[in-house]
Amino acid sequence: MKSFPHLSHIQLIHLSFVSLFFSILLFHAVFSGTSAAHLFRLLSAAPASVSLSCAWCVLVSVLYFYYTRPRPVLLLNYACFKPESDRRCTLEVSEYFVRRSNRFSGESEAFMRGIYLKSGLSDETYAPKFIFEENCEPKFEYAVDEAREGMFAAVDAVFLKTGIDRRRIDVVIVTCGGFSPAPSLSSLVVNRYKLKPEVKTFNLSGMGCSSGLIAVDLAAKILRSSRKPLYAIVVVIESISLNWYFGDNRSMLVTNCIFRVGCAAALMTNDQALRRAAKMELSHSLRTHHGADESAYRAAFQQEDAEGYTGVALTKDLIRVAGLSLSRHIKQLAPRVLPLSQLAHYLYSAMTSGGDSKPAVPDFTTAFEHLCIHTGGKAVIEKVGQVLKLRDSVTEPARMTLHRFGNTSSSLVFYELAYFEAKGRLKKGDRMWMMAFGTGFKVCSLVWKCLKDSPDEFDNPWKDCIHRYPVKAW
C-alpha cells in the first residue's frame, strides 16, 4: 500500500473518511442503478441518514487508519566503540610508523605531516593495531580483528543497556565501506550472538561515510513494513587496516591523515510498547544520489595509482560537489521539515531573485534544536556551515568530534550524537537533523524526535574528557 509521508495522522484520518464516504456513494450508485444526482437529493432530504452514514464512515475510517498506519520507528539505544588508550594515534606515533615502514618518499612524509597539523584532529584519535606492530604490513587478519573488536564491543554494550534478549533480534544490518569478507560481517554477528535461524541479514559496502544513516534508513523501512513487533540491530564500522595507502599520490595520502578507528551499534524497533524505554523516534528520512554527474561520481574514488598501490583519491572537486549536492538535497528536505514562515520566506526569495542573485537559504535552526552534521573533515564542516549559514555554536559538535575521534567514516554521526548527550543538551521533544555524505555521491538525512532527556551513561565515549570541550580545534 502506498504511504503518504507528508500527511499528519489527523489528515490521514480525514482522507480515509472522505475516500470511504464517496466510495460508498459510488458503490451504491453503480449497483443500485440510482444516479449520483438523485442519490445526493435523497441524502439532503434525510439528514438523519446522512449523520448515521457519516458516523459509520468515521468509525470504519478510524479502524482502517489504526490497522494500516505506519508503525513508529524507535531507537532504543546505541553504543560507540572506544579503543584502549595505548592505541592513540599521536603525531609522534604517525611519523614513527611512516618512517619505520620505509614506504614513503620524503616529500610524501612532509605532505602528510602538513595535512595532519591542519586537519583539526587531536593526538587522542585511535589507529588500527597494525600501526603499532613490528611488522608494518597490514594483513587480512588485522582487518578481521579490527572488525571483531569494534563490532563485538559495540553490540555487547547495546544488549547490556537495553536488556533485550538477543534471541528476539529479527534483522541484522552491518555496513562497512572498504572491507567485505566472506562469510559476511553480518554472518559474523549472527555466529557470535547465536541469533535465531529466521533472522534476516543485510551487508552493505562501498557506500562511504553516509552508509551509517543509509543502514538506519533501511532498518526503518523494514520495521515500518511489518505489522508485528520487530527488533533490528544496526552495526556501523569501517576497516582501515586494508585501506591504508602506501603510495605517493597526494590525493590518496589525505585518507591516511584523517581516517581513524571507530564503530557504533544501534538497536531499533517498531514495538510501540517500548516507547517509554526508547531514546528517539525517527520522523523523516531522505536519501539523494547525485552520481549521474561525472564530477560527483568521481569526487571520492577508489583506484590504483601509477605504481599499482590502491587507495581512495579525494579530488580537489570534493568540497564543491559536497556543497552543490547538499544544496540540491535540502530543496527536497525543506518542505518536509521547515515551518510555514520559513517556507514562505524561501518561496518569496526564489520568486524575486534573478540574474546572479540566489534564493535565501532557509534557517534550518527554526526546524531543529540540534544539527548532527557530517564530520568528514575540516573543509567539509566549513562548507556545510557556509551552505546552511550556520553559526559556530551549531557546528561545534561536528568540530569537536573530528578533533577527538577523527573521521570514523560511517559511524561518525553516532560519536557526534554522544557529544550532545555528554553535554546534556538533548531534551524531551527536541528535534535533531542527522546528515552525512557518501561516495557516489550521496547525501542522507535522518530527522529524529527525542523521547527523553540526555541520560548519563557509563559507556559514553566522551565521559572521561567532555569537561575539556569545546576546545579551539582550528
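The legends below describe close-up views of a predicted model.

**View 1. Helix 14 packs against helix 15.** Helix 14 covers residues 392-405, and helix 15 covers residues 412-422. Their axes are 9 Å apart and meet at an angle of about 115°. Helix 14 is therefore roughly perpendicular to helix 15. The crossing of the two helices is right-handed. Helix 14 brings E396, P397, A398, M400, T401 and F405 to the contact. Helix 15 answers with L412, Y415, E416, Y419 and F420. By class, the residues of this contact divide into 8 nonpolar, 1 polar and 2 charged.

**View 2. S410 sits in the loop between helix 14 and helix 15.** S410 has 1% relative accessibility, so it counts as buried; the cut-off for buried is under 20%. Leaving aside residues up to four places away in sequence, S410 touches T175, G208, C209, S211, G212, V236 and I237.

**View 3. Helix 11 packs against helix 13.** Helix 11 takes in residues 318-337, and helix 13 takes in residues 378-388. The angle between them is about 40°, and the axes lie 10 Å apart. The two helices are therefore oblique to each other. Their crossing is right-handed. From helix 11, the contact uses I319, G323, L326, S327 and I330. From helix 13, the contact uses A379, V380, K383, V384, V387 and L388. The contact of helix 11 with helix 13 has 8 nonpolar, 2 polar and 1 charged residues.

**View 4. M151 and F364 have the most contacts inside the largest nonpolar core.** This core has 145 residues. Helix 6 (residues 140-162) gives the most to the core, with 11 residues. F364 touches I330, L333, A334, V337, L338, L388 and W433, with residues up to four places away in sequence not counted. Two of these partners, I330 and L388, also take part in the contact of helix 11 with helix 13.

**View 5. Cis peptide bonds occur at A182–P183 and G440–F441.** Most peptide bonds are trans. The bond joining A182 and P183 is cis, with omega about -5°. F441 is placed in the loop between strand 10 (431-438) and strand 11 (442-450).

**View 6. N102 and K194 have positive phi values.** Most residues other than glycine have a negative phi. For N102, phi is near 55°. N102 is found in the loop between helix 4 (91-101) and helix 5 (106-118). N102 counts as exposed because its relative accessibility is 67%. For K194, phi is near 50°. K194 is found in the loop between helix 7 and strand 3 (200-204). K194 counts as exposed because its relative accessibility is 59%. The cut-off for exposed is over 50%.

Technical notes:
Residues are numbered from 1 along each chain as its sequence is written. This is a predicted model: local features need pLDDT of at least 70, side-chain atom pairs count only at pLDDT 80 or more; totals for chains, interfaces and linings use all residues. Side-chain values use heavy atoms; hydrogens and water are left out. Axes are lines fitted to C-alpha atoms, for helices over the stretch in contact, and angles run from 0 to 180 degrees between N-to-C directions. Helices (H or I, at least four residues) and strands (E, at least two) are DSSP runs, numbered from the N terminus. Angles under 35 degrees count as roughly parallel, over 145 as roughly antiparallel, 65 to 115 as roughly perpendicular and the rest as oblique. A crossing is left-handed if the near helix is turned anticlockwise from the far one by less than a right angle, and right-handed if clockwise. Contact means heavy atoms within 4.5 Å. Ala, Val, Leu, Ile, Met, Phe, Trp, Tyr, Cys and Pro count as nonpolar, Asp, Glu, Lys and Arg as charged, and the others, Gly among them, as polar. A nonpolar core is a set of buried Ala, Val, Leu, Ile, Met, Phe, Trp, Tyr and Cys residues joined through side-chain atoms within 4.5 Å. Buried means under 20% relative accessible area, exposed over 50%, partly exposed in between (1.4 Å probe, protein chains only).
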